Amino acid sequence: MTSMPKISTQWQRFEELSADALYEVLRFRQSIFVVEQTSPYPDLDGLDQQAWHLLLRVESALAGYLRMIPQPLRIGRVAVGAPLRRRGFARRLMGEALLFCNERYPGFPVALGAQAHLVPFYRGFGFEPAGEPYDDFGLAHVYMELRR
């Protein structure tokens, strides 16, 4: 009989991230958004310091991540490590993010820039395109909003 892996999520402000946790997050994001997607974009955009960071761990290893910028309310950098995709972790991240938004920022619209192929995924949470597709460092994106 196999046991279920231990899955945990934790919200942290930038100043609460230890040096090791920050390094782990930045390395995780770089491995997905820069290396895997071959998109040399400026990940260090000056927004991490004001953001909330949601870390999803499987057996204590970082497996998923997103950040939420409070003003304007925007979800970004949604990522799940390649070996763990298609197991519902991105849905869990988004569910937790929207719950967090409802609790801390009730009634505020939520925005995100979705990679074009993920528009149906975000539509499943109620997001709708609010603009034409645009190029973001070689990847097609669509600005989306969730009005509440």
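**Group meeting talk: salt bridges, strands and rings**

The side chains of D43 and R29 meet in a salt bridge, 3.1 Å from N to O. Here a salt bridge means a side-chain nitrogen of Lys or Arg within 4 Å of a carboxyl oxygen of Asp or Glu. The pair links distant parts of the chain. D43 is in the loop between α1 (19-36) and β2 (52-58), while R29 is in helix α1, 14 residues apart.

A word on the model. It is predicted, so local features need pLDDT of at least 70, side-chain atom pairs count only at pLDDT 80 or more, and totals for chains, interfaces and linings use all residues. Residues are numbered from 1 along each chain as its sequence is written, and side-chain values use heavy atoms, with hydrogens and water left out.

Are D43 and R29 buried or exposed? Both are buried. Buried means under 20% relative accessible area, exposed means over 50%, and partly exposed is in between, with a 1.4 Å probe and protein chains only.

R29 has another partner. D48 forms a salt bridge with R29, and the closest N and O atoms are 2.8 Å apart. D48 lies in the loop between α1 and β2 and R29 in helix α1, so this pair ties together parts 19 residues apart in sequence. D48 and R29 are both buried.

Now widen the view. R29, D43, D45, D48, R67 and R77 are linked in a network of salt bridges. How many salt bridges does a search of the whole structure find? The count is 12. Side chains of opposite charge can pair when their charged atoms come close.

One more pair. R123 forms a salt bridge with E128, with the closest N and O atoms 3.0 Å apart. R123 is partly exposed, at a relative accessible area of 43%. E128 is partly exposed too, at 40%.

Next, the strands. Two strands pair if DSSP finds at least two bridges between them. Start with β2 and β3 (residues 61-69). They pair in the antiparallel sense over 7 bridges. L54 stands opposite L66 in β3. The hairpin of β2 and β3 has 2 residues between the strands, and there E59 takes a positive phi near 50°. Strand β3 is mostly covered, with 8 of its 9 residues buried.

Strand β3 also pairs with strand β4 (residues 74-80), antiparallel, over 5 bridges. In β4, the bridge partner of M68 is I75. This hairpin has 4 residues between β3 and β4.

On to β8 (residues 139-146). Strand β5 (residues 110-115) runs antiparallel to β8, and 6 bridges join them. The partner of L112 in β8 is M144. Strand β6 (residues 128-129) pairs with β8 in the antiparallel sense over 2 bridges. There, P129 stands opposite M144. Strand β7 (residues 134-136) and β8 are antiparallel as well, with 3 bridges. D136 has L139 as its bridge partner in β8.

Which residue takes a positive phi in the hairpin of β7 and β8? F137 does, near 55°, in a hairpin with 2 residues between the strands.

F137 turns up again beside S39. S39 lies in the loop between α1 and β2. At 2% relative accessibility, S39 counts as buried. S39 touches F33, V34, D136, F137 and L139, not counting residues up to four places away in sequence. Contact means heavy atoms within 4.5 Å.

Last, the rings. Rings of Phe, Tyr and Trp (its six-membered ring) pair if their centres lie within 6.5 Å; planes under 30 degrees apart count as stacked, over 60 as edge-to-face and the rest as tilted. By this rule the count is 8 aromatic pairs. W52 and F100 form an edge-to-face pair, 5.0 Å centre to centre, with 65° between the planes. W52 is in strand β2 and F100 in helix α2 (residues 89-104), 48 residues apart. Both are buried.

F121 and F125 have ring centres 5.3 Å apart and planes at 70°, so that pair is edge-to-face. F121 and F125 are both buried. F121, Y122, F125 and F127 form one aromatic cluster.

The charged end of R13 sits over the ring of W52, 4.8 Å from its centre. That label needs NZ of Lys or CZ of Arg within 6 Å of the ring centre and within 35 degrees of the ring normal.
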